Amino acid sequence: IGHASGDLLVGAQFEKGELVAATVFRTARRLFEGNIYWKEKVLYSHLDDSFDGSIERGVSQLKLRPLRIACQDATAQMALIQFMSAGMESAAVPTTVHCDHLIVSRDGEKEDLARALNYHREVYEFMESACQKFNMGFWKPGAGIIHQIVLENYAFPGGMMIGTDSHTPNAGGLGMIAIGVGGADAVDVMAGLPLELKAPKVLGVRLTGQLSGWSSPKDIINAVAGLTSVKGGTGSIIEYFGDGAKSLSATGMATVCNMGAETGATTSIFPYAPQMVDYLRSNHRHDMAAAIERIAPELQADSGAEYDSVIEINLSTLEPRINGPFTPDLSTPLSKFGDAVKENKWPEDLSAGLIGSCTNSSFEDMGRAASLAQQALDAGLKPVMPLLVSPGSLQTRDTLNDAGILPVFERLGAVMLPNACGPCCGSWDRVDMPKGTSNSIITSYNRNFSGRLDSNPQTNIFLASPEIVMAKVFSGNLDFDPTVDALITPSGEEFRFQNPSGKTLPQNGYLDSDTAYKAPPIDRSGVEVKIQESSQRLQRLAPFEPWNGGDFIDCLILIKTKGKCTTDHITPAGPWFRYRGHLENISNNTLIGAVNAENDKVNTVRNQISQKDGDVPGTARDYKAHGQPWVVIADHNYGEGSSREHAALQPRYLGGKAIIAKSFARIHESNLKKQGMLALTFTDEADYERIRASDRISLKGLNCLEPGKPLIMSVNGEWEVKLNHTFTLEQIEYFKAGSALNMMAKQ
Ligand code: SF4
């Protein structure tokens, strides 16, 4: 039912003619008395058989059996290479690989796609052959963005999946628990191990009222991010409820869940709404739609379920919002944005507008944006800055074309990009703005960290709905408010936009454009995985050394990072995507974006052996060559941003022993442990300030490493403090074996 190819989803969903998701909710009922949340019905229906005991939210370590894994190409390369090292014949769980991140945007769909096919040929051939070999589905370059493909083909209410991408929660728009994980977690599940996850807390968001006028689902999540901050969802699943939740389209709910990642939440989910069934039918998933309708009353929280904490948002009074720059939780209502622009001296002239991506490229989003574009065109207006459009999938693109929506964008002279991530993941060869030039851009994408889109740290990235982006393209001013301000037409008249409008779904359903999918063959015995020994893009993995049984004594500090240190700072994307399958080569970007607390510079640290300044990866390599162990000292939420496990693999490969931080982002902390690194936190955050980059750090008590028992950090042998950790017994075994993969191969 999941996909026309007859993917394994059918077997996973039905048991004696009944939808498993409907029957297994009994598991959640056995575990909890009274009224239970929707997210708990779904999550605990996927517990591993071996799980036995009670569950305390925020404390218990769950073992879960997701029904599906989706991997995007930037993370899939290393995940597949790791899976190969585990020596298995076939993925234990239905798995798909999606070619979306590597395609660089510059000229437009045809040219960009052709260039990518040529430039990344060996990587695509490797992934395709590995998928064929290990019984995985392969979505070719141009098919679309991972989360859009999942929504169209695989997501369904009550299911659970994981994806090697932070925005996997997008599928929560169809009532699925969909969690972004690191490649190492995905490899475990591919190999038949359960997923380990600390039982999430629940953060309820009650939506009342109804969206109208310019307000859109993007404004809901922009508001939630502003209320929670980038850390506020950490350790929680955000569950939406209330009458307002029932008023949104399925793709609108997906937008909200997608950007829940910006709050640090484990995932986000909506309860059943008839719009989900409408969406399934529109995608020709009629059997699934019928099955879901049969059990609809069960697909939501029990009435009377009480949430630990609740945020209230009245959709009837919700204004459009603009978030940014540089962090997604700086949220400003449109009516106050003009003042904020002046107060903060943000560059007022916009240099580009971008719409689409997995966050906002639905039929509804694009239709509403096109309605505004058509108004402006009819008035004789033209865009005053470049507009770039990234459709989410081939199917959506074809459908939008058929409905006459894309032709409107073409009449604007928009650059129609491939169905891929493009600028959203830094794969943007931006030629109109020299690096280092301060400028502002506005986008309906979801991320706005420094340098995220165009590798220019001086680009101020603002996040807004596609409607707001489209309107601003005709003004070029950051502070233009299209709900009240006027533009002047070429004939000198005042022009004001009317409210945007558009249908939620195509009248006759989506066009069936799944020709970019390649299923694995029945007989896989003759398939060879294509990987050349001399490749500069792909490298087979050698196992990391196991722990030698001793404490880590006199480690140097490679860098003491200051402020935000996201995975983009630890291992930047953009041109480095090229080396995602080659650990030796990609390690040359390790921590090059992190700010050194000692000198406020990026990629400049004092080499404590040579006493000369050098770049971070070069210094790490020098320490490694001298057999000198090292650690990183870090601020809050280290590793925030994405699931890329390279951010853990690279420091490990270069000889790092531990990251000692005020706090960690969840996925990154798990990734570090999988690679045999110590992820430790200060018991007293003030100790971060006491440490100097020239100090020597000893980590003691490793042979007594136990869950919940702190380790001792000695600084220069002069003072000692305790460091906390969250290692489970199983994760301690990873550390001892050298990595989770070492342990798996042994087993
Ligand atoms: Fe791609 Fe951007 Fe979506 Fe990530 S958030 S999957 S980079 S489109």
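Predicted model: local features only at pLDDT ≥ 70, side-chain atom pairs only at ≥ 80, totals over all residues.
Into which domains is the protein chain divided?

Figure 1. The protein chain is divided into domain 1 (9–316), domain 2 (320–428 + 435–495) and domain 3 (552–746). Between the C-alpha centres of domain 1 and domain 3 the distance is 30 Å.

**Figure 2. Contact of domain 1 with domain 3.** Domain 1 contributes 31 residues to this contact, and domain 3 contributes 24 residues. On the side of domain 1 that touches domain 3, two elements give two or more residues, namely α5 (73–85) and α9 (183–190). The most comes from α5, with seven residues. Sorted by class, this side of domain 1 has 16 polar, 10 nonpolar and five charged residues.

**Figure 3. Packing of α5 against α7 (residues 121–133).** Two packed helices are described by the angle between their axes and the distance between the axes. For α5 and helix α7 the angle is about 60°, and the axes are 10 Å apart. The two helices α5 and α7 are therefore oblique to each other. The crossing of α5 past α7 is left-handed. From α5, the contact uses Asp-73, Ala-76, Gln-77 and Leu-80, while α7 supplies Val-123, Met-127 and Ala-130. By class, five residues of the contact between α5 and α7 are nonpolar, one is polar and one is charged.

**Figure 4. Residues around the ligand.** There are 13 residues around the ligand, and those that come nearest are Ser-357, Cys-358, Cys-421, Cys-424 and Cys-425. The shell consists of seven nonpolar, four polar and two charged residues. Domain 1 (9–316) and domain 2 (320–428 + 435–495) each provide at least three residues of the shell.

Methods
Residues numbered from 1 in each chain as written. Near = placed C-beta within 6 Å. Nonpolar A, V, L, I, M, F, W, Y, C, P; charged D, E, K, R; others polar. Domains from an automatic or database assignment. Contact = placed C-beta atoms within 7 Å. Helix = DSSP H or I, 4+ residues; strand = E, 2+ residues; numbered from the N terminus. Axes fitted to C-alpha atoms, helices over the stretch in contact; angles between N-to-C directions. Parallel < 35°, antiparallel > 145°, perpendicular 65-115°, else oblique. Left-handed = near helix turned anticlockwise from the far one by under 90°.
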